[in-house]
Structures are given as structure tokens and as C-alpha cells.
Amino acid sequence: AEVLRTQLATATDGLAGEEAILQASSFALQELGANAARLPQLLEVARNVTQRFGGDLVSNFEAVNRAVLTGNERLLRNIGISVDFDRAQKDLAKSIGATGVPLTDQGKQLANINSLLEKSSQVFFRNCITLQFYKYF
């Protein structure tokens, strides 16, 4: 628990108080189960969204968590990230040989998290390259 708390505090990068982040993560912590260890990565996505597109870190973190938990892609589009959770879930099911059986909620969440992290790394890497380019010219 202390390790997760430290990782969350580090991921905020001073954009929000520790208490507010812990409060925002409490529901997701319960609902994500084994996937809860990925919360610091989800917070980093929210931090990147906040730094690049604006908004409030806690609100963006809550939107990221809700999107992962519910599969609501619109929540992510509202903060600048476009993902296809259905495709990610089908790909995960195929990769584990569960094509005829629906994924569990935890399996869906894992697919959603993986898809979000992959897409956000592409979005923020592209933005970083663009910013570096303009920095020099």
C-alpha cells in the first residue's frame, strides 16, 4: 500500500495534492482488483493530459479511471485521447485463446488499460517531438 501511495505521489509531479489523488483513486483501487497496480501509469496519463491539454489533474484522473472501468471511450476523447476498447478486448481475447468466451470484467479492464497506455504513449510522444521541433526553430 505504501509503495502504491509513493508511486501515485511521484506521478502527480506536484499538480495535485496527495490527499486529493488518494481520494480520486480509492474507487478505482477497489474496482480494478489485480489491475490496481497500474494506477500510477493511469495517473501519468492524466498528468500528461493535464500538462498538454489543460484541465484539472484530479478530474482528468477520474475520467481516465471511469473510462477504463466502464469502457466509455467518449470520456477519453473529451480529454484528447481516442481509443478503441472493443478492438482491444477482442485482440486480448484472441491472444489468450478465449475467442468464444467473453472476457471477465478484469480482462476487459486489462485490455482497456493496455489500449489506453499504448495510445497515450503515441499521442504524447508525438506531441513531445513536435514541441522539441518548435523549441529549436
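In helix α4, the buried residues (under 20% relative accessible area, with exposed over 50% and partly exposed in between; 1.4 Å probe, protein chains only) are L57, V58, N60, F61, A63, V64, N65, A67, V68 and L69. Ten of the 14 residues of α4 are thus buried, so the helix is largely enclosed by the rest of the structure.

The model is predicted: local features need pLDDT of at least 70, side-chain atom pairs count only at pLDDT 80 or more, and totals for chains, interfaces and linings use all residues. Residues are numbered from 1 along each chain as its sequence is written, and side-chain values use heavy atoms, with hydrogens and water left out.

Helix α4 covers residues 57–70. It reaches 20 Å from its first C-alpha to its last, close to the 20 Å expected at 1.5 Å a residue (1.5 Å times one less than the number of residues). At its start, a side-chain oxygen of D56 lies within 3.1 Å of the backbone nitrogen of V58. Just after α4, G71 adopts a positive phi of about 80°.

The protein as a whole has seven helices and zero strands (DSSP runs numbered from the N terminus: H or I of at least four residues for helices, E of at least two for strands). From the N terminus, the order is α-α-α-α-α-α-α. Of the 137 residues, 41% are buried. Among contacts (heavy atoms within 4.5 Å) with a separation of 6 or more, 63% join residues 24 or more positions apart. The accessible surface (Shrake-Rupley method, 1.4 Å probe; for residues, only the protein chains shown count as cover) comes to about 8000 Å². Carbon and sulfur atoms account for 52% of that surface.

Terms used: Polar contact = N/O pair within 3.5 Å; in protein donor to acceptor, adjacent residues only side chain to side chain.
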